[in-house]
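Hi everyone, thanks for coming. Today I'd like to talk about charged side chains and how they pair up. Let's bring the model up on the screen.

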Amino acid sequence: MADNTHMKESIKAKKERIKAILDAFDAEYGTDYRCYLDHDNAWQLLIATILSAQCMDARVNVVTKDLFRKYTSLEDFAAADIKELETDIRSTGFYHNKAKNIIACAKELTERHEGIVPKELEELTALSGVGRKTANVIRGNIYNEPSIVVDTHVKRISRLLGITDTFDPTKAEFELMKLLPEDHWILWNIDVITLGRSICIANRPKCGECFLKEYCPSADYKLQ
């Protein structure tokens with residue numbers, strides 16, 4: 001059961017602790033933006049992000065390496081045979097829905113947006129298969145718009161750090177937007193993913209090795 005002692009923390013103390021966490025992230029990982037999904041343009045990143053739902057980025061990159069050679073344009077995806085596309089993306093899981101959404105999304109982009117992936121959140125989330133997470137990936141990585149991507153790493157680790165107190169990704173996004181400075185919104189996802197893959201691993205965190213342990217109420221398994 002989660003230890004909620006961080007809830008007694010004052011707003012001032014919490015902000016100071018968050019600043020210390022951000023400074024530690026900057027020192028450890030730097031401040032350069034990087035994307036873990038391979039892509040050459042906006043629509044490729046959009047499709048890769050749709051494929052990444054409930055799937056490791058590394059697996060998606062293996063699939064898209066061949067996928068983007070076979071389907072070289074949005075028009076190719078819009079005209080794809082759904083059964084064939086399902087076979088192409090099968091190893092990413094949930095391939096029935098993903099194939100359906102990718103074809104529909106490609107059609108919507110070509111028919112409504114002249115093949116341009118939109119920038120605005122409302123236009124992005126109106127596309128098939130695109131929720132707030134996928135939309136924010138596009139806004140942050142393609143358009144450099146301050147945005148917070150809440151994936152499984154961000155949801156879990158933000159809670160372990162005592163910054164958010166919810167399991168709902170949308171609520172977590174808005175909590176983080178209130179607490180983090182805009183210049184670290186994009187970096188938060190990048191840094192937390194790196195931490196989650198190397199140190200704060202689900203169910204087997206290396207708290208003793210973590211450079212955030214002095215700022216984390218979950219260190220030494222307090223929230224495990």
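Before we start, a word on accessibility: buried means under 20% relative accessible area, exposed means over 50%, and partly exposed is in between, with a 1.4 Å probe and protein chains only. What you see is a predicted model, where local features need pLDDT of at least 70, side-chain atom pairs count only at pLDDT 80 or more, and totals for chains, interfaces and linings use all residues. Residues are numbered from 1 along each chain as its sequence is written, and side-chain values use heavy atoms, leaving out hydrogens and water.

I call it a salt bridge when a side-chain nitrogen of Lys or Arg lies within 4 Å of a carboxyl oxygen of Asp or Glu. How many salt bridges does that rule give? The count is 12.

Let's begin with R197 and D57, whose side chains meet at 2.8 Å, N to O. This pair links distant parts of the chain, 140 residues apart: R197 sits in helix α11 (residues 185-198) and D57 in helix α3 (residues 57-70). Helices here are DSSP runs of H or I, at least four residues, numbered from the N terminus. R197 is partly exposed because its relative accessibility is 37%, while D57, at 15%, counts as buried.

Next up is E173 with R132, their closest N and O atoms 2.7 Å apart. They are 41 residues apart, with E173 in helix α10 (residues 169-179) and R132 in helix α8 (residues 132-141). E173 is buried at 5%; R132 is partly exposed at 26%.

Finally, E145 bridges to R139 at 3.9 Å, N to O. Here E145 is partly exposed, at 23%, and R139 is buried, at 13%.

Definitions and conventions. Helix = DSSP H or I, 4+ residues; strand = E, 2+ residues; numbered from the N terminus.
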